[in-house]
Amino acid sequence: MTSPKEAVRVAIAGASSLLGKELNLWLEESNFPAIDIRLVDEEFVAGTLAEAGGEPAVIETVTEDSFERVRFAFFTGSPEFSKRHAGEARRAGAVVIDLSGGLGADANARLWIPTLDAVLASPVVSVPTGEPQSLFVVPAAPSDAAISISAALAPVGLERLVVTVLQPVSERGPEAIEELESQVVKLLSFQPVSQTVFDAQVGFNMLSSYGPESRINLVDARERIAGESRRYLAGRAPVPALMLVQAPVFYSHAFTAYAEFKAAPALDDLVARMKDAGLKVARAKDEPPTNVNIVGEVRPVLRQPERDPGIETGVWLWGAADNLRVPAATAVAIAEKLLAS
């Protein structure tokens, strides 16, 4: 337990985002020793009333003093926002923990899932001589699940892992949530639907891509998952083949994974190894994980593995991961590990 004198000042950069709000909440729920939480974000949301540490707080725009005396700066906004301001935080002496996906390409960035350390250590990153490691990257929830599954099963002869991820609209922010809600209501009333965010009908639909006028695309999200998985596994476990599909759900990723082995594995052994890797596996008598019932879980949740009916060495996995809580909990776990070291 960290003593009160070790309490630290932190900043949430991108505080108005869904991920920023979730991180703010988790810092309080997890009793992280934050003596002060600064909320900063884009200029257009500056002045918004929020809450930090159980007290009223105002979101401020980033200034040259925003990261002064800050121990940890959590970046939870857009990738572009992180790229613009992470350097300022590091120069001020803060350790940057990026949840946005914007800083993963930095040569000095270290991806880290602390709960996976017992099975597969975080990749080693070289930093300039005399400089401390000051940039950590939190993998997205589906990256976390894919990395952890591959690392857990590699020692028992995993040859191939194929993961299909169903993405919730909340990955695209509050506007996407509002658009899905509006589309559902209007489709039920046989009215024309708004397509401002996706330039496509996402309500009651599954998408492999968005419309041509959309400012966002699935390719970027898929490349982030693939890139994080490849860098973390770094030749130590099979890199998963990945497909990403936009689903008409509000929160949480669901995913299915097909694992093929050199020889048919014992399913009980697979369950034990996935638990050792920090994954949660529901008991056979429990309700299987869904987008709804895993909300609030700090780790991806899987149902019991099932053998493929036609391939003797094939095993199917089904799971879900809270797309906000999982990265928020991982980010705080990184900070706690650094405080304890």
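Which residues touch the most other members of the largest nonpolar core?

## The core

Leu27, Phe32, Phe72, Phe74, Phe75, Ile97 and Leu153 do, in a core of 99 residues. A nonpolar core here is a set of buried Ala, Val, Leu, Ile, Met, Phe, Trp, Tyr and Cys residues joined through side-chain atoms within 4.5 Å; buried means under 20% relative accessible area, exposed over 50%, partly exposed in between (1.4 Å probe, protein chains only). Helix α7 (residues 325-340) gives this core its largest share, 9 residues.

This is a predicted model: local features need pLDDT of at least 70, side-chain atom pairs count only at pLDDT 80 or more, and totals for chains, interfaces and linings use all residues. Numbering runs from 1 along each chain as its sequence is written, and side-chain values use heavy atoms, leaving out hydrogens and water.

## Aromatics

Phe32, Phe72 and Phe74 make up one aromatic cluster. Rings of Phe, Tyr and Trp (its six-membered ring) pair if their centres lie within 6.5 Å; planes under 30 degrees apart count as stacked, over 60 as edge-to-face and the rest as tilted.

There are 7 aromatic pairs in the structure. Tyr258 and Trp316 form a tilted one, 5.0 Å centre to centre with 50° between the planes. Tyr258 is buried at 11% relative accessibility, while Trp316 is partly exposed at 35%.

Terms used:
Helices (H or I, at least four residues) and strands (E, at least two) are DSSP runs, numbered from the N terminus.
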